[in-house]
Amino acid sequence: MKNLFPILLGIFLICYGCSKDESQQPNPNPTGGEEPTNENPEEQEPEMVTYFTFEALTNTGDTDDWIIIHDENGLLLDFKPFEFGDMFEFQVSEEETQPNNLTITLFNYKNSVEGEMLHTIKSYPNISAESHWKYTPNAGANNDPPRNPSTGSFNVTVENVSPKYRWISDRQGILVATSGPDLPGFTSNYTHENIPIYDNPDFFFTIYDSSNNLKYHSIENVSDGDDIILDYSDFKSFDSYLEVTLPNTTSTYKLSSISAVFDDDQSVSLRGGKFTSYFFADAEPPVPLKLGYLDAYSKYLSIISYYTDEFAYAYTKFGDKPESIIIPENKSITVLDESIYNYQFETNLDYQMKDVLWEVKEGERYVDLIQTNWNVVSAPDFSGTIGEIPEEIQQAYPNLRIEDLNLTSTSLHLDFINYTDLIQVEFITPDLKTYYKPHEYFQFKH
């Protein structure tokens, strides 16, 4: 035991010395908490801001479709391919510059079974940031009920008449449309046979005679096999006429003119109604051109289409009777810059919206046609920059040929709709779309 005591005493002294040395060292964490770290606290990720929302709600099964977004200076912000059902929220960091004004471009490519390659591009500038678009199909003609099978036919003869044009229709639309002979002062009998009878036994017979009188006659309660004889003196004048002066032109032209009346229980459409006029001509139209209206009706269709090698004019109105239809004369346009990216022009026409077309095509339709169309639709005051199609898309479609596009036409919408309303109906509230859109536009051909 004597020998063990010194050893234990030595161990005790060594342990005491170590403990004393530790107690004299400074405390690295005097607060008693966790040890400090030299790393910075994790930085918070910046929030993302949605500047445009896009929903694809139209069939894309047979086409390639892209959406392309530029800012007001033509700077590319983003582009994406889309399919039916896709919904995109285009975003930027809140720390980045927020776009306030966008140009939305929709690109569509179709390689048809006929061998055609069709590239369709439409650009819409001056679109407000944070807009939400719904891209939906065009409205269809859904209020033209099909005819039931014919229940018979009848014949009609008009005596003492010199007809230039004549039309026979029932409440569902045109049945007969013929022209000639145009022999002023010469009268004869005109007969038309085997006019079909459908659901309604009442018919409307209109004649534009060689003296430029537009008259009508109602034929009621017709039965199968009837031979009806009328005298032109029994035809009546319309309650009112709208006369349209056609421009003087030395170029080839085509004229279409339709007016019709509808019963109260009918929807106004392009094919239905009792036709009060129905012209399709490329020479010697009536002067002045007349549209007839009857006070007993409150629903009308009025159409004028006039196409020449230099310009085109189109007017379509559903519902009310138009007060006037005036095809602009002494119209002019001067193109200052014909590029897609900075198109500039001057004109003496007042208009609400413009639609400018560039086009390139080669080959034969339904065989080997290759075509690219690029429309820029905008308000009158837009004169900004349209951005270029991304290189990735151009490489994916080698027949796109953007560099070969030529200015084709400038269409100026004169009445009925402005650019803001168009965007609202087409993309913001597309449930308001209708196939039967009224419009009036004048198109310069370049």
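Me: What is the mean pLDDT of the protein?
Reply: pLDDT is the predictor's confidence in each residue, from 0 to 100. Here the mean is 88, and 87% of the residues reach 70 or more. This is a predicted model, in which local features need pLDDT of at least 70, side-chain atom pairs count only at pLDDT 80 or more, and totals for chains, interfaces and linings use all residues. Residues are numbered from 1 along each chain as its sequence is written, and side-chain values use heavy atoms, with hydrogens and water left out.

Me: Over which residues does pLDDT stay under 50?
Reply: Where pLDDT is low, the predicted coordinates should not be read in detail. That applies to residues 1-34, where pLDDT stays under 50. For this stretch the model has two contacts (heavy atoms within 4.5 Å) beyond four places in sequence.

Me: In what order do the three strands of the open sheet stand?
Reply: Strands of a sheet pair through backbone hydrogen bonds, either parallel or antiparallel. Strands are DSSP runs (E, at least two residues) numbered from the N terminus, and two of them pair if DSSP finds at least two bridges between them. In this open sheet the order is β11-β8-β14, with mixed pairing. β11 (188-197) and β14 (227-231) are at the edges with a single partner strand each, so one side of each has no neighbour in the sheet.

Me: How many bridges join β8 to β14?
Reply: Five, and β8 (residues 152-161) runs parallel to β14. Glu-159 stands opposite Asp-231 in β14.

Me: Which strand does β9 pair with in the antiparallel sense?
Reply: β9 (residues 163-170) pairs that way with β10 (residues 173-179), over six bridges. A hairpin of two residues joins β9 to β10, and Ser-169 lies opposite Ile-174 in β10.

Notes
Helices (H or I, at least four residues) and strands (E, at least two) are DSSP runs, numbered from the N terminus.
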